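These are my notebook entries on a structure that I am reading for the first time. I set down what I looked up, entry by entry.

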Amino acid sequence: MGAGFVGSTTAYTIMLGGLFSEIVIIDIDKNKAEGDALDIAHGAALNKPVKVISGGYEECKDADIVVITAGVGQAPGETRLDLLKRNTKVIKSITESIMKYAPEDIILLTVTNPVDILTYVTYKVSGLPKNQVLGSGTVLDTARLKYLISKKTGIDARNCHTYIIGEHGDSEVAAWSVTNIGGMSMQEYCTFTGRCSVDDLDKMYSDVKNAAYEIISKKGATYYGIAVAVARIVECIAGDENSILTVSSVFDGQYGISDVALSVPTKVGGLGIEKVLEVPFGRNEMKGLKDSADTLKELIAELEI
Ligand code: NAD
C-alpha cells in the first residue's frame with residue numbers, strides 16, 4: 001500500500017530478493033502505482049520470475065503480507081499532532097479496505113510514521129490477533145547503530161549486536177547494556193581496543209536519532225535504508241526464520257507495558273510476531289522504554305480510533 005518513495009523502493013527491493021511469486025502495488029495515485037509496477041516488472045525479467053502488477057484492494061484476497069507505506073505529508077504550518085490525526089484517518093480507511101478482502105491469516109506490516117502509533121491503529125482497526133500486526137519499528141534505527149559501531153570499530157556490522165528500543169523517534173533508547181561484539185560487552189570491547197569512548201557512544205546514539213532529519217534535509221526523503229529493513233522483515237516472515245528484529249508490536253504486559261506498540265528484540269517468523277523477548281536491559285534503559293511507552297500512550301489518547 002503506497003507507491004511513494006518508501007513503497008516503490010520497498011517493492012523494488014522485495015522483487016530483487018526473489019522470494020515472492022506476486023507483488024501488487026496499490027496507491028490512491030493509480031498512474032504512479034501502474035508506472036512503478038511496470039518499471040519493476042521489467043527489472044524482474046532479468047532477476048527471478050515474479051508477477052508485479054498494480055491493482056485495487058481486492059488483490060488482498062490471497063495475500064500473505066501487506067506492507068503499509070501510504071500516508072500524507074506534513075502541510076505547511078501543520079502540527080505533528082494534526083498530521084498524526086490525518087494519517088490515522090488514512091491508515092484506518094486503508095486497514096478497513098484491506099480487511100474486506102484479506103484472508104484470516106494475513107500479516108500487516110505498518111511503516112507509515114509515526115510507525116508505533118499507526119501500528120497500534122492498524123491492530124485496533126483490523127481486529128487481527130496481536131501476532132499478525134507489526135510495524136517496522138526500530139529495525140532501521142538498529143541498522144543505523146550497527147553501521148556506526150562498525151565504522152568506529154572496523155568490525156563487520158553483522159557482528160555488532162545491538163538494539164535501539166522503544167519508540168521509532170525522539171524517545172528511542174540505545175540498549176548499550178546488551179550490546180556486544182564477539183561476546184565482549186561494548187564497554188569491554190572499548191577498553192580492550194581503546195577504539196571508542198563513552199563520548200563516542202553518545203555521539204553514535206545522537207547520530208542515529210538525527211539520521212532521518214539529516215537525510216531528509218539533504219535529499220527530501222529516506223527510502224533505501226527502510227526498504228532494505230522492510231524486505232528483511234518480510235523475508236523473516238516468508239522464510240519462517242525466527243530471527244530477532246526490533247519490530248514494533250502491541251505489548252501485552254511485557255516489561256509491565258500493555259496496549260501500546262513499540263520495539264524491543266522480537267522473534268519474527270511465519271506467524272509474524274512469534275515472541276516479544278523480555279531482555280534484562282540496564283535500569284536507565286528500562287526507564288527509557290517505559291517513558292517511551294508513556295509518550296506514545298499520551299498521543300494515542302488524543303486519537304479517535
Ligand atoms: P510519499 O509521500 O512519497 O508516499 C506516500 C504515498 O502514499 C503516495 O504515493 C500517496 O499517493 C499514497 N497515499 C496517500 N494516501 C493514500 C491512500 N488513502 N490510499 C493509498 N495510497 C495513499 O512518502 P514516503 O516518503 O514514501 O513515506 C511514506 C511513509 O513512510 C511516511 O509516513 C514516512 O514518514 C514513512 N517512513 C517510515 C520509516 C520508518 O522507519 N518507519 C522510514 C522512512 C519513511
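How many salt bridges does the structure hold? I note at the outset that the model is a predicted one. The structure holds eleven salt bridges. I recall that side chains of opposite charge can pair when their charged atoms come close.

**Entry: a pair between strands**

I looked up Lys-51 and found its side chain in a salt bridge with that of Glu-22, at 4.0 Å from N to O. This pair links distant parts of the chain, with Lys-51 in strand E2 (residues 51-54) and Glu-22 in strand E1 (residues 22-25), 29 residues apart. Lys-51 is partly exposed, with a relative accessible area of 47%. Glu-22 also counts as partly exposed, at 31% relative accessibility.

**Entry: a pair within a helix**

Where do Lys-203 and Asp-207 lie? I found both in helix H7 (residues 198-219), four residues apart, which is about one turn of the helix. The relative accessible area of Lys-203 is 48%, so I record Lys-203 as partly exposed. Asp-207 is partly exposed as well, with 29%.

**Entry: further charged residues**

I next took Asp-156, which forms a salt bridge with Arg-158; the closest N and O atoms are 2.8 Å apart. Asp-156 counts as partly exposed at 33% relative accessibility, whereas Arg-158 counts as exposed at 65%. I also noted a network of salt bridges that links Arg-232, Glu-235 and Glu-241.

Which residues form a negative surface patch? I listed Asp-62, Asp-64, Glu-104 and Asp-105. Of these I looked up Glu-104, which lies in the loop between helix H3 (80-101) and strand E4 (107-110). Glu-104 is exposed, with a relative accessible area of 76%.

Is Glu-167 buried or exposed? Glu-167 has a relative accessible area of 13% and is therefore buried, the limit being under 20%. I located Glu-167 in the loop between strand E7 (164-165) and strand E8 (173-174). Beyond its neighbours within four places in sequence, Glu-167 is in contact with Asp-116, Thr-138, Glu-172, Ser-292 and Leu-296. I also looked up the separation of Glu-167 from Lys-219: their C-alpha atoms are 24 Å apart, and the two residues are 52 residues apart along the chain.

Ser-243 lies in strand E11 (residues 243-245) and counts as buried at 15% relative accessibility. Leaving aside neighbours within four places in sequence, I found Ser-243 in contact with Arg-232, Cys-236, Thr-266, Lys-267 and Val-268.

**Entry: backbone details**

What joins Asn-113 and Pro-114? I recorded a cis peptide bond, with omega about -5°. Pro-114 lies in the loop between E4 and helix H4 (115-126).

I then noted two residues other than glycine with a positive phi. Phi of Tyr-255 is near 55°, and phi of Asp-259 is near 60°. Tyr-255 lies in the loop between strand E12 (248-252) and strand E13 (258-263), while Asp-259 lies in strand E13. Tyr-255 counts as buried at 7% relative accessibility; Asp-259 counts as partly exposed at 38%.

Methods: Residues numbered from 1 in each chain as written. Predicted model: local features only at pLDDT ≥ 70, side-chain atom pairs only at ≥ 80, totals over all residues. Heavy atoms only, no water. Buried < 20%, exposed > 50% of the residue type's maximum accessible area, 1.4 Å probe, protein only. Contact = heavy atoms within 4.5 Å. Patch = residues over 30% accessible without salt bridge, like charges linked within 9 Å, V, L, I, M, F, W, Y side chains within 5 Å. Areas by Shrake-Rupley, 256 points an atom, 1.4 Å probe, with all protein chains shown as cover. Lys, Arg positive; Asp, Glu negative; His and termini not counted. Charge placed at Lys NZ, Arg CZ, Asp CG, Glu CD.
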